[in-house]
Amino acid sequence: MGPLPREMKVNQKIQKCLSEVYGDTFSSLHYEALVARLEKSQKLIKKNRKAHWDEGDVVLITYADQFYAEDKKPLPTFNQFYNEWLKSTFSHVHLLPFYPWSSDDGFSVINYYQVAEETGDWNDIKQLAESSRLMFDFVCNHMSAKSEWFNNYLQQLDGYEEFFIAMDPDTDLSNVTRPRALPLLTPFTLKDNTVRHLWTTFSDDQIDLNYANPLVLLAMVDVLLSYLEQGADYVRLDAVGFMWKEPGTTCIHLEKTHQLIKLFRAIADCAAPGTAIITETNVPHKDNISYYGNGRDEAHMVYQFSLPPLVLHAVQRQDTTTLCQWAQSLELPSTETTWFNFLASHDGIGLNPLRGLLPEDEIMRLVTELQQEGALVNWKNNPDGSRSPYEINVTYMDALTPGNSSDAERFSRFILAHAILLSFPGVPAIYIQSILGSRNDYEGVEKLGYNRAINRKKYHIRQIETELADETCLRHAIYHELSRLIVLRRNSKAFHPDSDFKINSVTPAVMQIKRTAETGEEITGLFNISAQTQTINIDIENGFDLISEESISGKELTLHAWQVMWVKK
């Protein structure tokens, strides 16, 4: 990048990232356009974002069209449900992509700037922001083949010639990491009848954007800034690890991808200080944490992808050893970062984050056992031509418990697992299907034709409210107890994301998590991850279990099957 006028040197971090990625191809005209767009956002954004996270931050993950009714669209219906049932429990709502889309339940975006008309409008988003802070998806790697941008490319309009990545199909791309068992290149015919093979990492309806083109960067920065202007406090960078492509490499986790994330953060810091940038990279742990950068220049949070399968493995084996060994290694690069913790999401339970933590035969054993209990599995192609499982598709409720179990055991295992989630350092996120106590939706899989539909059921608002109010229903029990645990956590400073964290196996079946706040408040979580009563030696003086609301004291403690305690001094 060439020399710039003094008045344009507004942010050295932004300049450095641009120089690292683009060199002289990012011209002074490009930079002038970027500065003008930033200045516009700075004038428009008046909202004060919270400077840092605390124990009160708990995120609800949901679709905008999660609930429906005859008399209103899904977004206002969701707002109604949220205000009545969830507002006092959660601080943030992560609305999965609510833009017009053509496939992948929203992640193939047709128009980044609109709310899907069948769902609602921006006024509904604004109303939700009055009850909750918001987390938006920035689907930055790819967009829909039905989008106007892609149509402009096919029509060969000026300015769109290099918006997407054309590649000679004879190019050796055997080293490219493949997240799905689908072709990497897809042929498309342009207006002049020439055929181009375009990069499609995820599907032939999701066309990868060409970030080597500065105009693509400017267009996507405009999208990011528009989300900040619409009130996003947290921004999730979807599938971000694949953004930069270089044939001959794996095309994942490349240095220029990291530089682009640093650039997005610097832009967000400049336009809307306090915004949290969260990277979504469903990969082994060592790769995942690389997205923190130096702890001050890249992601504020990374998805803790190893936690869901490790908690599941611990419950299945009734053994906390592997979970504790992994958790003892957790280390953040700075106080400006934390973990984004979850157990269930709109996707399945990722298996890649287990690789390097469990032997492959143990991973396959877990997959086989869950398949026998009704779980579905998605597979990926490997560079050597083999296939391996990358995701288990199942509700977390049905993953944790054998099909012939009683509702009482389902309840106990499920609450135990979520108490572990809420005890970990970081910001916890709860999927809507979890707070609703949902089971596998096989009808949805059959109707929609893909495995992930098993955990994406949509509900009529009257039906779900009736079940939640029914004291004989498992949904009722899960909703009330999980909500109670979340509120307890939000009112305990020991669970601040930055509080001291110590974890160990008291016995293979019993795990201890100790959290200590700067104020001195201390909570010891004790978890019996087994179907048998466990008696442990532990010295507790004048303790109080927040969950059972009973006093605890002595040198020996009995935990019933699947019991959890939060003991406060």
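Residues are numbered from 1 along each chain as its sequence is written, and side-chain values use heavy atoms, with hydrogens and water left out. Because the model is predicted, local features need pLDDT of at least 70 and side-chain atom pairs count only at pLDDT 80 or more, while totals for chains, interfaces and linings use all residues.

An unreviewed UniProt entry gives the feature "binding site" at Asp 104, His 142, Arg 236, Leu 237, Asp 238, His 346, Asp 347 and Arg 452. UniProt positions follow the numbering used here, feature names are shortened, and annotations may be inferred rather than shown by experiment.

Leu 237 belongs to strand S9, residues 232-237; helices (H or I, at least four residues) and strands (E, at least two) are DSSP runs numbered from the N terminus. Leu 237 counts as buried because its relative accessibility is 0%. Buried means under 20% relative accessible area, exposed over 50%, and partly exposed in between (1.4 Å probe, protein chains only). Setting aside residues up to four places away in sequence, Leu 237 touches Phe 138, Cys 140, Ile 261, Phe 264, Ile 277, Ile 278, Thr 279 and Glu 280, where contact means heavy atoms within 4.5 Å.

Arg 452 sits in the loop between helix H15 (442-448) and strand S17 (459-460). At 13% relative accessibility, Arg 452 also counts as buried.

Elsewhere, strands S6 (residues 185-189) and S7 (residues 195-199) pair in the antiparallel sense over five bridges; pairing requires at least two bridges found by DSSP. Thr 189 stands opposite Val 195 in S7. Five residues lie between the strands of this hairpin, and Asn 193 takes a positive phi near 75 degrees.

Helices H2 (residues 28-44) and H7 (residues 255-271) have axes that come within 9 Å and cross at roughly 40 degrees. The axes are lines fitted to C-alpha atoms over the stretch in contact, with angles from 0 to 180 degrees between N-to-C directions. H2 and H7 are therefore oblique to each other: angles under 35 degrees count as roughly parallel, over 145 as roughly antiparallel, 65 to 115 as roughly perpendicular and the rest as oblique.

Finally, Arg 484 lies in helix H17, residues 474-490, and at 29% relative accessibility counts as partly exposed.
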